[in-house]
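Biologist: I would like to learn how to read a model like this one. Can we go feature by feature?

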Amino acid sequence: MSDFAPPFASPFATASGVGSWPGTSARQAAEVVVGELAGALAHLVELPARGVGADLLGRAGALLIDVAIDTVPRGYRIVSRPGAVLRRAVSMLDEDMDALEEAWETAGLRGGDRVVKVQVAGPVTLAAGLELRNGHRAITDPGALRDLTASLAEGVAAHRATLARRLDAAVVVQLDEPTLPAALGGRLSGVTALSPVPALDEAVAEALLQTCVDTIDTDLLLHSCAPDLPWDMLGRTGIRALSVDTSTLRAADLDGIAAFVESGRTIVLGVVPALAPDPRPSTEEVARAVVAVTDRLGFDRTALRDRVGVTPACGLAGATPEWARTAIGLARKAAEAFADDPDAI
């Protein structure tokens with residue numbers, strides 16, 4: 001077994017949620033997340049059931065600086081002036097922050113050492129999902145891709161600073177990149193069969209992610225539920241943690257994870273089902289699912305206790321409220337078991 005000394009404690013080496021949550025009540029969601037993730041990494045929930053402006057792309061649109069979005073039949077489009085869709089997205093984001101601030105204050109956490117996480121679509125996923133005025137994906141235009149990334153990074157930095165000020169707490173950021181592997185693999189569809197979307201160059205994707213790292217200027221986690229993550233490329237960026245759905249991992253991924261962790265960074269393992277299974281797992285079963293992955297990395301368990309986090313496999317928007325609460329509770333208890341005595345699992 002290999003051993004190493006982590007250079008610093010990671011805010012992601014604990015339990016958290018991925019981001020999305022069932023229902024439409026920001027206040028109820030915030031109360032559950034703050035309560036169930038006591039001592040762990042609470043997060044600003046996303047409630048896509050509220051509709052337009054509350055999904056992954058609409059949420060990111062609310063944060064863009066000097067870039068407006070609107071809806072078209074296929075989804076969202078970059079437009080010249082803000083309208084009702086953007087105002088709605090901004091209003092819902094403000095509502096979510098108000099709810100989290102209230103729950104945070106009620107729990108007596110202001111000014112403490114707890115850390116909060118916010119989530120937003122990463123630059124590749126955002127550019128793949130937004131249309132230009134000509135109907136093509138923004139990812140097909142190098143200038144638009146670069147400008148959109150700069151706008152996103154600046155907006156997320158401002159959002160993070162605002163929430164940190166309101167909560168009097170440290171805030172870290174999660175970039176959601178479910179589309180990254182498809183973009184790099186040339187698997188995105190075009191407007192027509194005659195206008196395919198070329199594969200995104202890996203060096204370009206690396207530069208986009210590094211722009212976010214440099215501009216947002218806090219610990220960044222990249223989350224993707226998709227298989228075939230570019231481990232070598234991600235390892236060259238300043239991203240501090242990677243969050244994955246363990247059901248998508250293959251043997252080749254383990255070498256990438258091991259190298260990433262050995263560089264002093266964190267792997268967050270999505271081991272709790274996003275939808276309620278039958279029968280429902282126990283804390284011990286979830287903890288064993290964690291070590292089923294970590295034991296294959298070649299490190300002593302105790303060397304990994306500050307380098308492993310636990311979450312649901314993906315977002316919980318499709319779960320029942322009961323299971324959403326249970327899922328993050330199971331993640332917390334499994335993370336605590338791993339941190340307390342990983343060799344006992």
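Predicted model: local features only at pLDDT ≥ 70, side-chain atom pairs only at ≥ 80, totals over all residues.

Biologist: Let us start with strands. Which way do β2 and β3 run, and how many bridges join them?

Modeller: The general idea comes first. Strands of a sheet pair through backbone hydrogen bonds, either parallel or antiparallel. Here strand β2 covers residues 68-72 and strand β3 covers residues 75-79. They run antiparallel, and five bridges join them. The two strands form a hairpin, with two residues between them.

Biologist: Which residue of β3 stands opposite isoleucine 69?

Modeller: Isoleucine 78 does. Also, threonine 71 faces tyrosine 76 of β3 across the pairing.

Biologist: What joins β3 to β5?

Modeller: Two bridges do, and these strands run parallel. Strand β5 is residues 130-131. Arginine 77 has glutamate 131 of β5 as its bridge partner.

Biologist: In what order do the strands of the sheet come?

Modeller: The order is β2-β3-β5. Three strands make an open sheet, and the pairing is mixed. β2 and β5 stand at the edges with a single partner strand each, so one side of each has no neighbour in the sheet.

Biologist: Which helix lies across β2 and β3?

Modeller: Helix α3 does. It runs at about 115° to β2.

Biologist: Now the cysteines. How many disulfides does the count come to?

Modeller: A disulfide is a covalent bond between the sulfur atoms of two cysteines. The count here is one. Cysteine 225 is joined to cysteine 314, with S to S at 2.1 Å. The link is right-handed, with 115° about the S-S bond. It connects distant parts of the chain, as the two cysteines are 89 residues apart. Cysteine 225 sits in the loop between β7 (220-224) and α8 (231-236). Cysteine 314 sits in the loop between β10 (308-312) and α12 (321-340).

Biologist: Is cysteine 225 buried or exposed?

Modeller: Cysteine 225 has 18% relative accessibility, so it counts as buried. The cut-off for buried is under 20%. Cysteine 314 has 27%, so it counts as partly exposed.

Biologist: Which cysteine is in no disulfide?

Modeller: Cysteine 212. The nearest cysteine sulfur is that of cysteine 225, 19 Å away. Cysteine 212 counts as buried, at 1% relative accessibility.

Biologist: On to helices. At what angle do the axes of α1 and α12 cross?

Modeller: Two packed helices are described by the angle between their axes and the distance between the axes. For helix α1 (residues 26-36) and α12, the axes come within 9 Å and cross at roughly 20°. Angles under 35 degrees count as roughly parallel, so that is how α1 and α12 are described. The crossing is right-handed. Val32, Val33 and Glu36 of α1 make the contact with Arg325, Ile328, Gly329 and Arg332 of α12.

Biologist: Which residues of α1 are buried?

Modeller: Ala26, Ala29, Ala30, Val32, Val33, Val34 and Glu36 are. The buried residues of α1 pack against β1 (42-43), α3 (84-106) and α12.

Biologist: How do α5 and α7 cross?

Modeller: Helix α5 is residues 142-167, and helix α7 is residues 202-216. Their axes come within 8 Å and cross at roughly 25°. The two helices are therefore roughly parallel to each other. Their crossing is right-handed. The contact includes Leu145, Thr149 and Ala153 of α5, and Val204, Leu208 and Cys212 of α7.

Biologist: Last, a single residue. Where is isoleucine 328?

Modeller: Isoleucine 328 is in helix α12. Its relative accessible area is 0%, so it is buried.

Biologist: With which residues is isoleucine 328 in contact, leaving aside its neighbours within four places in sequence?

Modeller: They are Gly17, Trp21, Val32, Val33, Glu36, Leu37, Pro312 and Leu316. Compare sequence with space for another pair. Isoleucine 328 and leucine 167 are 161 residues apart in sequence. In space they are 21 Å apart, C-alpha to C-alpha.

Definitions and conventions
Residues numbered from 1 in each chain as written. Heavy atoms only, no water. Pairing = 2+ DSSP bridges. Helix = DSSP H or I, 4+ residues; strand = E, 2+ residues; numbered from the N terminus. Disulfide = S-S within 2.5 Å. Buried < 20%, exposed > 50% of the residue type's maximum accessible area, 1.4 Å probe, protein only. Axes fitted to C-alpha atoms, helices over the stretch in contact; angles between N-to-C directions. Parallel < 35°, antiparallel > 145°, perpendicular 65-115°, else oblique. Left-handed = near helix turned anticlockwise from the far one by under 90°. Contact = heavy atoms within 4.5 Å.
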